[in-house]
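Hi everyone, thanks for coming. Let me put the structure up on the screen, and then we can walk through it together.

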Amino acid sequence: MNTLILSDNQITGPIPPELGNLPMLNQLMLYQNQIIGSIPTELGNLTMLNNLVLYQNQITGPIPSELGKLLNLQALELSVNQIFGSIPASLGNITNLVALSLYFNQITGPIPKEIGNLMNLETLRLHLNQISGSIPKTFGKMQSIHDLTIYNNTLSGYLPPEFDNLTNLVNLSISSNPLSGPLPANICSGGKLQFLSVFNDMFNGPIPRSLKTCTSLVIVDIQWNQLIGDISQDFGVYPHLKWMNLASNRISGHISPNLGASTQLTVLTLADNMIMGSIPSIIFKLSNLAVLGFDSNHLSGEIPPEIFSLANLYYLNLSSNQLSGSIPTHMEKLSSLQYLDISWNRLSGLIPKELGACKKLLSLKINNNNFSGYLPGAIGNLEGLQMRLDVSCNNLSGVLPQQLGKLKMLEFLNLSHDQFNGSIPSSFASMVSLSKLDVSYNNLEGPVPTTWHLQNASESWFLPNKGLCGNLSGLTPCYSTLLVGRHKPKTLGLLLPSVLVVGFAIVAAIVVLIILSRKKRKPQEGVTAEPRDLFSVWNFDGRLAFDDIVRATEDFNDKYVTGTGGYGKVYKSQLQDGQLVAVKKLHLTEEELDDERRFLREMEILSQIRQRSIVKMYGFCSHPAYKFLVYNYIEQGSLRRTLENEELAKELDWKKRIALATDVAQAIAYLHHECSPPIIHRDITSNNILLDTTFKVFVSDFGTARILKPDSSNWSALAGTYGYIAPELSYTSVVTEKCDVYSFGVMGKHPRDLLDGSLSSGEQAMLVKYIIDQRPATPITTEENSLALLIKLAFSCLESSPQARLTMREAYQTLIQRPSSSSCPVPFSALTLQQVRDSC
């Protein structure tokens with residue numbers, strides 16, 4: 001027998017070792033089956049074999065070193081299995097090998113330098129493994145190679161200079177590795193390179209000079225590196241280009257008109273660079289463009305009116321630039337547009353009603369501009385709008401259009417920080433998908449629509465305004481208005497005598513109290529008065545509340561302590577009216593006790609926080625001997641305490657845990673991005689995440705919080721909980737928002753929080769399903785997708801460099817815009833932590 005082909009069947013069980021007894025076999029094709037077990041070492045006896053193809057099975061175990069004896073082998077394809085262990089150095093003996101494919105396994109260890117001996121090799125595919133170490137210099141000898149894909153591993157170090165010898169390269173995909181240093185200058189010296197993918201690495205230095213004349217390019221993806229260059233000088237004319245992603249580098253200059261030659265271009269992303277100047281009109285002649293991302297640059301000027309010619313565009317992001325002027329007319333011609341973000345610019349004028357004709361829009365963000373006039377009712381025609389509609393932080397005025405009630409699929413609606421007046425339209429009650437409605441900082445009045453989806457709304461969504469009322473917590477109830485109209489004179493006639501009598505009684509009572517208080521003070525007139533305690537509490541009389549708390553805690557007796565930290569003790573206190581509050585008595589240094597002005601300034605800012613997932617602060621006390629803060633008491637306690645209780649941990653299922661992480665991210669994002677000045681928490685841990693009896697989450701403990709002052713340094717003593725502290729604080733002590741981002745990332749992978757094991761770098765190959773907490777029920781498919789995304793997000797937040805971390809706004813947006821289907825290339829049951837970080 002010289003050929004055995006059993007591919008694409010449903011064969012199960014292991015590969016029989018007896019196949020090694022077929023010495024004349026030159027073709028063994030068993031791919032796309034359900035074969036298990038390891039590769040028999042006996043296959044090394046098949047010295048006449050030309051092709052060994054076993055991909056897409058469930059094969060485990062290591063690659064036998066005996067395969068190195070198959071000197072006639074031309075194709076070895078073992079990809080898409082569960083093979084582990086390292087690549088045998090003996091494979092370097094198979095010098096006739098043309099194709100070596102080991103991708104999508106669990107292979108670890110370095111690439112043997114002997115692989116460089118495969119000088120006839122044309123295809124080397126090692127991607128989606130856990131291969132480590134550096135790329136061997138011997139790779140420079142493989143001058144026949146044209147397809148080199150080693151992305152999504154843990155390869156590190158510089159690319160060897162010998163890479164310049166690979167002049168036949170057509171596809172180079174080395175993305176998602178911690179590779180660093182410069183890219184080879186002659187990466188395209190052979191003029192054949194079509195696919196260049198080095199995104200999510202750590203490359204720095206200049207853009208390779210050979211790219212300028214590399215007219216063969218079809219795909220260029222270099223995003224998330226630190227490459228330096230001028231977009232108009234270091235890139236050339238690419239007639240075959242279909243995809244260009246240069247985002248998140250250090251690229252400057254003006255957008256080159258040369259891009260107009262790339263008529264096949266479908267994706268153009270230049271976001272998060274230092275590109276300046278105006279947007280050239282020629283860009284909008286690229287009729288195949290589907291994705292256009294110019295956000296987070298220094299672009300200025302107006303949006304070219306030619307934009308409406310891009311009929312295939314479905315994603316347009318021009319946010320966070322310095323664009324001015326108005327939104328171009330004829331926007332309705334962008335009939336395929338699904339995502340539009342022009343936020344954080346200097347755009348002005350009216351919002352064109354034609355925008356309502358972009359019927360496929362899923363997300364619309366025009367916030368933080370200078371738009372004025374009315375919000376057109378035609379926006380209500382965007383019935384497919386699902387993710388968000390954000391028109392906040394503009395100068396919009398007038399009444400809110402009833403037509404917005406037609407947006408029944410919308411989940412996030414932000415109308416805050418404008419000048420809207422009138423009432424909230426009753427049609428809003430039809431927006432059954434809303435998870436957040438923010439109309440704060442307007443001039444609205446009247447009742448808030450009372451519907452089931454707004455029952456748990458935060459008062460911060462509605463306050464401040466002119467006079468909104470309703471049955472929601474924090475809002476004034478809507479009193480009856482029956483005593484108006486033709487009964488008004490009669491009613492006033494009946495009420496006036498009563499009002500006068502009550503008024504006189506109040507005045508008299510005040511006079512009596514003043515006389516009595518003077519009499520009581522007379523014996524002590526010769527004594528120097530002590531400085532009066534300052535006690536500021538919403539909804540309370542300060543002095544009475546202070547006395548009530550001291551009485552309820554028996555002068556801060558330890559038997560009322562519910563928690564202790566480095567910054568103080570927390571006491572449970574029941575006030576005379578039955579309300580429970582949490583009192584945090586701070587341990588402060590003598591210097592901090594004396595810095596009364598700073599303390600009061602920070603308390604004033606903290607007392608203005610209004611966010612549904614941040615525990616409500618009622619007030620504070622500043623006393624010559626101590627200071628304490630008063631918060632709403634959250635009954636169930638901390639997340640850590642919940643997870644230490646077996647029954648509660650089971651009840652806190654994956655749906656609740658994912659929602660918990662999302663709410664925490666939103667709360668921290670609020671502190672960082674919606675408070676002015678920004679607030680840094682500094683101690684985000686499972687001890688400071690509180691849950692009520694319904695598992696609703698509240699971020700607590702601002703005893704360590706600091707207010708970020710604009711244009712000032714924020715030096716601080718090391719603060720926070722060990723294990724959650726950002727690494728830069730150990731050597732800089734400079735507090736930034738990125739410190740909270742790091743702590744949030746730790747919370748996302750800490751054994752006492754969402755996962756069930758703290759992982760070192762050597763344990764990255766462990767399966768996620770074994771690492772997560774086993775106490776809740778197994779996550780369903782949608783929860784698996786969200787959980788993989790959450791773990792990946794945690795890794796992004798734990799970058800050692802603060803600049804490389806996401807912002808909390810980006811983290812929150814990642815969670816709320818999670819895909820309904822998995823973006824991971826492997827099923828959750830086979831997913832490793834490394835694959836979550838690099839592939840999902």
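How many aromatic pairs does the count come to? Five, where rings of Phe, Tyr and Trp, the last by its six-membered ring, pair if their centres lie within 6.5 Å; planes under 30 degrees apart are called stacked, over 60 edge-to-face, and the rest tilted. Before I show you two of them, a word on the model: it is predicted, so local features need pLDDT of at least 70 and side-chain atom pairs count only at pLDDT 80 or more, while totals for chains, interfaces and linings use all residues. Residues are numbered from 1 along each chain as its sequence is written, and side-chain values use heavy atoms, with hydrogens and water left out.

One of the pairs is Trp461 with Phe462, a tilted one, at 6.5 Å centre to centre and 50° between the planes. Trp461 counts as buried at 4% relative accessibility, and Phe462 is buried too, at 0%. Buried here means under 20% relative accessible area, exposed is over 50%, and partly exposed is in between, with a 1.4 Å probe and protein chains only.

Next, please find Phe556 and Tyr571. Their ring centres are 5.2 Å apart and the planes stand at 70°, so this pair is edge-to-face. Phe556 sits in the loop between helix H2 (542-552) and strand E41 (561-565), and Tyr571 belongs to strand E42 (residues 568-574), so the pair ties together parts that are 15 residues apart in sequence. Both of these residues, Phe556 and Tyr571, are buried. My helix and strand labels are DSSP runs, numbered from the N terminus: helices are H or I with at least four residues, strands are E with at least two.

Rings also meet charges here. The charged end of Arg388 sits over the ring of Phe412, 4.2 Å from its centre, and the charged end of Arg657 sits over the ring of Trp654, 5.0 Å from its centre. The rule asks for NZ of Lys or CZ of Arg within 6 Å of the ring centre and within 35 degrees of the ring normal.

Strands count as paired if DSSP finds at least two bridges between them. Three bridges join E48 (residues 689-691) to E49, and Ile689 stands opposite Val699 in E49.

Finally, sulfur. Two disulfides are counted, each a pair of cysteine sulfur atoms within 2.5 Å. One joins Cys188 to Cys214, S to S 2.0 Å. Its torsion about the S-S bond is about 70°, so the disulfide is right-handed. Cys188 and Cys214 are both buried. Another joins Cys469 to Cys478, also with S to S 2.0 Å, and with 100° about the S-S bond this link is right-handed. Which of its ends is buried? Cys469, with a relative accessible area of 12%, whereas Cys478 counts as partly exposed at 38%.
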